[in-house]
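Hi,

Here is the structure I promised to hand over. Please open it first, then read my notes below.

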Amino acid sequence: MRVLRCSPPHETHGFRGDPESAARAHSDHLATRCLGRVSGRTSRVASSQEELLGLLSARKGHFLLESGQHGDLWLALDPLFLRPRRLGPLVGDLARRLSRHGVEGVCGPLVGGAFLAELIAADLDVEFSYAERLATPQRVDYRIPNALRGSVRGRRVAIVDDVIYAGSAVLKTLTDLRDCGAVPAGVGALLVLGSAAQRLAADEALPLERLASLTSDLWAPEVCPLCAAQVPLDHPAAGAGTNG
Ligand SMILES: [Zn+2]
């Protein structure tokens, strides 16, 4: 199971901290949990958002996160791709939005971003590529495999991820795409948590297309408002089997 970009155990500032350190780098094999509040913008976005949160088995409650922080929303990421066809309408919606930007290819960081990139590339009938996660004790990078680097050169490529939280995987994929000679055409996500994705897109002067947005707050236990209200902690692993 993958953790939903909740901050790693050594962090205390949640996703608003340094994207380099609060990223998916810490997430891929941990439990799936995070939190947030729905903030839909239009009815269509709200509809996609409801559908997506349903597929993510979104649960409101009071949860202890991997970081030791507390949150009020639990999302299961990996089951999202168990039945690709269920994602069809959402993939189609995101693909249409990205197609406005002259996309000639779609690239995503492994794992979830690459799954989504392949589905969107199939929908748009453009080239698919992915970035591999390369981790050392010092840092995490994302790199396009050698066999694919030539194919993105000179092409307008959208960078997508299933959920963008700190945005580190997307940024490193984007940077490596530029190193390959690709032209980043936009950033896409099914779900954006917090404001990091918007900042990244603005910094890179790229359009950001997403189907859903959640504003997200992480609390240290001692300042958790749910604890203050004496709401008992939920344990989704026991009830839903969504962590691992
Ligand atoms: Zn709490």
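**What I found**

Start with the contacts: of those in the protein chain with a separation of 6 or more, 69% join residues 24 or more positions apart. Bear in mind that this is a predicted model. The protein chain has 244 residues, and 47% of them count as buried. Its secondary structure comes to eight helices and nine strands.

**Helices α2 and α3**

How do α2 and α3 pack? Helix α2 (residues 88-99) meets helix α3 (residues 112-124) at an angle of about 70°, and their axes are 9 Å apart. Angles of 65 to 115 degrees count as roughly perpendicular, so α2 is roughly perpendicular to α3. The crossing is right-handed. On the α2 side, the contact is made by Val-91, Gly-92, Leu-94, Ala-95, Leu-98 and Ser-99. On the α3 side, Leu-119, Ile-120, Asp-123 and Leu-124 make it. By type, these residues divide into seven nonpolar, two polar and one charged.

Now α3 by itself. This helix has 13 residues and reaches 18 Å from its first C-alpha to its last, close to the 18 Å expected at 1.5 Å a residue. Ten of the 13 residues are buried, so α3 is mostly covered. Those buried are Gly-112, Gly-113, Ala-114, Phe-115, Leu-116, Ala-117, Leu-119, Ile-120, Ala-121 and Leu-124. What do the buried residues of α3 pack against? Their partners are α2, β4 (105-109), β5 (127-135), β7 (156-164), α5 and β8. Asp-125 follows α3 and has a positive phi, near 55°.

**Helix α5**

Helix α5 (residues 168-179) has twelve residues, so at 1.5 Å a residue it should span 16 Å. Its end C-alpha atoms are 17 Å apart, which agrees. α5 is mostly covered too, with nine of its twelve residues buried. Leucines are among them: Leu-171, Leu-174 and Leu-177. The buried residues also include Lys-172 and Asp-176. Ser-168, Ala-169, Val-170 and Thr-173 are buried as well. Just after α5, Gly-181 takes a positive phi of about 90°.

**Ser-195**

Is Ser-195 buried, exposed or partly exposed? Ser-195 is found in the loop between β8 (183-193) and α6 (196-203). It has 15 other C-beta atoms within 10 Å, so it is partly exposed. Ser-195 and Thr-215 are 20 residues apart along the chain, and their C-alpha atoms are separated by 7.6 Å.

Best wishes

Key
Residues are numbered from 1 along each chain as its sequence is written. This is a predicted model: local features need pLDDT of at least 70, side-chain atom pairs count only at pLDDT 80 or more; totals for chains, interfaces and linings use all residues. Helices (H or I, at least four residues) and strands (E, at least two) are DSSP runs, numbered from the N terminus. The expected span of a helix is 1.5 Å times one less than its number of residues. A residue is buried if 20 or more other C-beta atoms lie within 10 Å of its own, exposed if 12 or fewer, and partly exposed in between; C-beta atoms are placed from the backbone. Two residues are in contact if their C-beta atoms, placed from the backbone, lie within 7 Å. Axes are lines fitted to C-alpha atoms, for helices over the stretch in contact, and angles run from 0 to 180 degrees between N-to-C directions. Angles under 35 degrees count as roughly parallel, over 145 as roughly antiparallel, 65 to 115 as roughly perpendicular and the rest as oblique. A crossing is left-handed if the near helix is turned anticlockwise from the far one by less than a right angle, and right-handed if clockwise. Ala, Val, Leu, Ile, Met, Phe, Trp, Tyr, Cys and Pro count as nonpolar, Asp, Glu, Lys and Arg as charged, and the others, Gly among them, as polar.
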